[in-house]
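Here are a few friendly notes to read alongside the structure. Take them one at a time, and find each part on screen as you go.

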Amino acid sequence: MDKTMTRFSRRTALIGTATALALVLGGCSGAAKDAGASSEPAGEPQRGGELRVSIGAEPIAPAFDMGTMAVTSVGTASIATLAYNGLVDFKDGQPVPELATSWKQTSPTQYVFTLRDGVKFTDGTPFDAEAVKFNLDRLLDPNGTGANLPPSLGSVEVSAPNEVTMNLSTPAGGFVASLRRGRVMMMSPTAVTQYAKTDPFKASVGTGPYKFEEYKTGQYIRLVRNDDYWADDNYLDSIKISILPDPTTSMQAFVNGELDVLGVTPAQLAQVESRGNSVIKTSISNTFNYVSFNQAVKPFDNVGVKVDMSKEEFGSWAQKIYTAKNFTVMNSGQTTATVDPDEVLYPLFHSRGDLNASSINDPELDKLLDDARAEQDPQQRAQMYQQVSKLIADKAYAAFTVYPQKITATSPSVGGYEFTEGGTNPLSRVWLAK
């Protein structure tokens, strides 16, 4: 078969698959209607109580160690933000202070961060510049398993007890935003050194509003309040996250009053409303679904395609897709918690990208992505990413299918729930009315 026909076949297959998936997934993307039965509590936040929520998949091993590939699991990383902080957070499209109170760009390839004083990890050890260097050096380790390395980061220096200097190999327009909570989170060097290789759950020690207390595989995760939290806006005594892979089970648990918060689709709203006192919250999604073709396997040899579709438990799926790369066409989704396209496009489509499961190796695309990452001018970067998007579409490396709407149902006692753009778990500042 000639090259033109091979390319046509791949594009046809991807377009056909994307169309079918869009029809299926599109049923979950309609506008939500107001349940109208109740509203969240008014007044000042109250302290106390245990919040009951669920997660649909087992957290990817090894537990909540954010210096590993575990961070590539959106569910695992979202839970982890309850226990960890980043140097920055994200609000209204811009990085804002968190463990770093301020920063300055001293050259196109150097940033200096001033750190918050008096912060401790929940094991009692100090958060300082040495801890920041430890965490970032761990991600930089070429023999490690770290993911979500900040773009172009070359080295980290301790400038003072509460100051770090970060040196980049090339300029990176989205560098500061990449250090946010939800992407690069600070862990206790003491806990990591002692437990990371033997008991990753015990190594999961941060500075965040809550701390991990218990993890029963296949059952639940429990976090309790960090009484020494520097921000003092953690109101709950504890959060119990039940592991419920079956959506029917989690839906029934919510309807029965056994869960306080539940993510739902438009098709499930009638069931949610049967509870009678549900509060429905909606938001524009920062999640997208896509179909990707494995460039390392033999292309389809005709336009007619027989598809064998399967759905697996997330951990085994991730191993098959990202480690073994044993697939022809895959359907997946990503959540981008920032406005910077580098965080989505570079990992998925650069030949050295962490999430490039499809073995894409396109020098032209690599150069465009490298140049866009290094460009400092936002308008120039926007034009570059338009070229990147066009090339991805022209080469049929992926077909983007749907951007599902975020819909969450809560009980009327839940206050302070708000969608976040920076990747921080919406439960971080939730409180329960008594």
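Contact means that heavy atoms lie within 4.5 Å of each other. Please keep in mind that this is a predicted model.

1. **A residue to start with.** Which residues is L51 in contact with, leaving aside its neighbours within four places in sequence? The list is L236, S238, I239, K240, D260, V261, V414, L427, V430 and L432.

2. **The largest nonpolar core.** L51 also belongs to the largest nonpolar core, which has 31 residues. Together with F212, I221, L223, I239, I241 and L427, L51 is among the residues that touch the most other members. Five elements each supply at least two residues of this core: strand 1 (50-55), helix 2 (74-80), strand 8 (210-216), strand 9 (220-225) and strand 10 (238-243).

3. **A hairpin.** Strand 2 (residues 88-91) and strand 3 (residues 94-97) run antiparallel and are joined by four bridges. Within this pair, F90 stands opposite P95 of strand 3. Two residues sit between the strands of the hairpin, and D92 takes a positive phi near 50°.

4. As background, strands of a sheet pair through backbone hydrogen bonds, either parallel or antiparallel. In what order do the four strands of the open sheet come? The order is 4-5-7-6, with antiparallel pairing. Strand 4 (100-107) and strand 6 (153-160) are the edge strands, each pairing on one side only. From one strand to the next, the twist averages 20°.

5. Strand 6 is joined to strand 7 (residues 163-168) by six bridges, and the two run antiparallel. Here V158 stands opposite V164 of strand 7. Helix 3 (residues 129-140) lies across strand 5 (110-115), strand 6 and strand 7, and runs at about 165° to strand 6.

6. **Two packed helices.** Two packed helices are described by the angle between their axes and the distance between the axes. Helix 9 (residues 363-374) packs with helix 10 (residues 378-395) at an angle of about 160°, and their axes are 9 Å apart. Angles over 145 degrees count as roughly antiparallel, so that is how helix 9 and helix 10 are related. Their crossing is left-handed. Helix 9 makes the contact through E364, L365, L368, L369, D371, A372 and R373. From helix 10 come R381, M384, Y385, Q387, V388, L391, I392 and K395.

Notes:
Residues are numbered from 1 along each chain as its sequence is written. This is a predicted model: local features need pLDDT of at least 70, side-chain atom pairs count only at pLDDT 80 or more; totals for chains, interfaces and linings use all residues. Side-chain values use heavy atoms; hydrogens and water are left out. Two strands pair if DSSP finds at least two bridges between them. Axes are lines fitted to C-alpha atoms, for helices over the stretch in contact, and angles run from 0 to 180 degrees between N-to-C directions. A nonpolar core is a set of buried Ala, Val, Leu, Ile, Met, Phe, Trp, Tyr and Cys residues joined through side-chain atoms within 4.5 Å. Buried means under 20% relative accessible area, exposed over 50%, partly exposed in between (1.4 Å probe, protein chains only). Angles under 35 degrees count as roughly parallel, over 145 as roughly antiparallel, 65 to 115 as roughly perpendicular and the rest as oblique. A crossing is left-handed if the near helix is turned anticlockwise from the far one by less than a right angle, and right-handed if clockwise.
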